Amino acid sequence: IYLGDEDLTQETRDLLSSLPSEKGWLVSQIYQFEGSWHTQGLVQGILNCQKNFKAKDSDIILATTPKSGTTWLKALLFALIHRDKFPVSSKHPLLATNPHPLVPYLEADYRVSPDVDFSELPSPRLMQTHLQHHSLPASIKSSSCKIVYCCRDPKDVFVSLWHFGRKLSPEETAEYPIEKVYWYESRKNPNKVLFVTYEELKKQTEVEVKRIADFIGCGFTAEEEVSEIVKLCSFESLSKLEVNRQGKLPNGIESNSYFRKGEIGGWRDTLSESLAEVIDRTTEEKFRGSGLKF
Ligand code: A3P
């Protein structure tokens, strides 16, 4: 996991010493960089990524807050984009590989080196980020690449993160900031940023998956069935696969940590009504006037 044990350059050290920092969750120290909290390794990864990543017009970038549906969207986007090469069958890569190693995580891959080779990725390249919109490498914004952003009820994100943290390190948990910028960007520039919510994706998966496919330029023909991909990527299918129940991912995290309950409103078994109210009030304050409702 991204514990920040990378070799840091002098530039990163200088920057870290100027940033607000706090005792972290899972790590001894976290740093506030461009409005979000990161480990020292990720700060270096973000710097390297911002300076060196060159987006191609054909790229597709999945942007999410951790625990808002990244694993699901990675599976769906991978299955959608490569469905000519990998039709849904017993040989589909998602049946043998956890969705995470199939889709590179930009700023994490840049932690150890400014040179990351993405040349092996099939076209169109599909990549994931947890960066807020203002922290994205400039070429992602200036090129014609597409961004799919997924958000989720902050209470479910919070509870999901809490369980994830407890699994990784039982002692401590921490709250993550709530983002709203992608919402404005998707309204300003609907051809560039597609705003997806976990809740809508759960309630009407086929409709939403078709909308995502149209947006990234691989829409379904009248004859094509979307249901196979939806079923392949469903929580029920993915979470039962041997590859997602056993073993660890290259990032050191147990594969099954990414599959817990996969429900809307799953927070109810963990959060008290009073804590839920506090989160609702904070969300309401942060999103007031945006037009975005949870
Ligand atoms: P819960 O902890 O509420 O169950 P991320 O992938 O961004 O880390 O988010 C993890 C959350 O998405 C977990 O939520 C996990 O169970 C859920 N999830 C993982 N795969 C899913 C799928 N195929 N369909 C629906 N939810 C999924």
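1. Basis of the note. Residues are numbered from 1 along each chain as its sequence is written. Because the model is predicted, local features need pLDDT of at least 70 and side-chain atom pairs count only at pLDDT 80 or more, while totals for chains, interfaces and linings use all residues.

2. Overall fold. The protein chain contains 15 helices and 7 strands, where helices (H or I, at least four residues) and strands (E, at least two) are DSSP runs numbered from the N terminus. Its radius of gyration is 19 Å, close to the 19 Å that the globule rule gives for 294 residues, so the chain is as compact as a globular protein of that length; the radius is taken over C-alpha atoms, and the rule is 2.2 Å times the number of residues to the power 0.38. Taken along the principal axes, the C-alpha atoms fill a box of roughly 55 × 50 × 45 Å.

3. Burial and contacts. Buried residues account for 35% of the 294 residues; a residue is buried if 20 or more other C-beta atoms lie within 10 Å of its own, exposed if 12 or fewer, and partly exposed in between, with C-beta atoms placed from the backbone. Of the contacts between residues at least 6 apart in sequence, 72% join residues at least 24 apart, a contact being a pair of residues whose C-beta atoms, placed from the backbone, lie within 7 Å.

4. Ligand shell. The ligand is surrounded by 22 residues, and the closest are Thr 70, Thr 71, Ser 160, Arg 260 and Gly 262; a residue is near the ligand if its C-beta atom, placed from the backbone, lies within 6 Å of it. Helices α3 (70-81), α8 (154-168) and α13 (235-240) each supply at least two residues of this shell, and α3 gives the most, with 4 residues. By class the shell has 8 nonpolar, 10 polar and 4 charged residues, where Ala, Val, Leu, Ile, Met, Phe, Trp, Tyr, Cys and Pro count as nonpolar, Asp, Glu, Lys and Arg as charged, and the others, Gly among them, as polar.

5. Backbone points to check. Most residues other than glycine have a negative phi, and most peptide bonds are trans. Glu 34, in the loop between β2 (29-33) and β3 (36-38), has a positive phi of about 50° and is partly exposed, with 13 other C-beta atoms within 10 Å. Lys 67, in the loop between β4 (60-64) and α3, has a positive phi of about 80°, but Lys 67 is buried, with 23 other C-beta atoms within 10 Å. A cis peptide bond, with omega about -5°, joins Ser 123 and Pro 124, and Pro 124 is found in the loop between α6 (106-109) and β5 (126-129).

6. Pro 93. This residue belongs to helix α4 (residues 93-96), and Pro 93 counts as partly exposed because it has 15 C-beta neighbours inside 10 Å. Leaving out residues up to four places away in sequence, Pro 93 touches Phe 86 and Leu 102. The C-alpha atoms of Pro 93 and Phe 78, which are 15 residues apart along the chain, are separated by 9.5 Å.

Definitions and conventions: Two residues are in contact if their C-beta atoms, placed from the backbone, lie within 7 Å.
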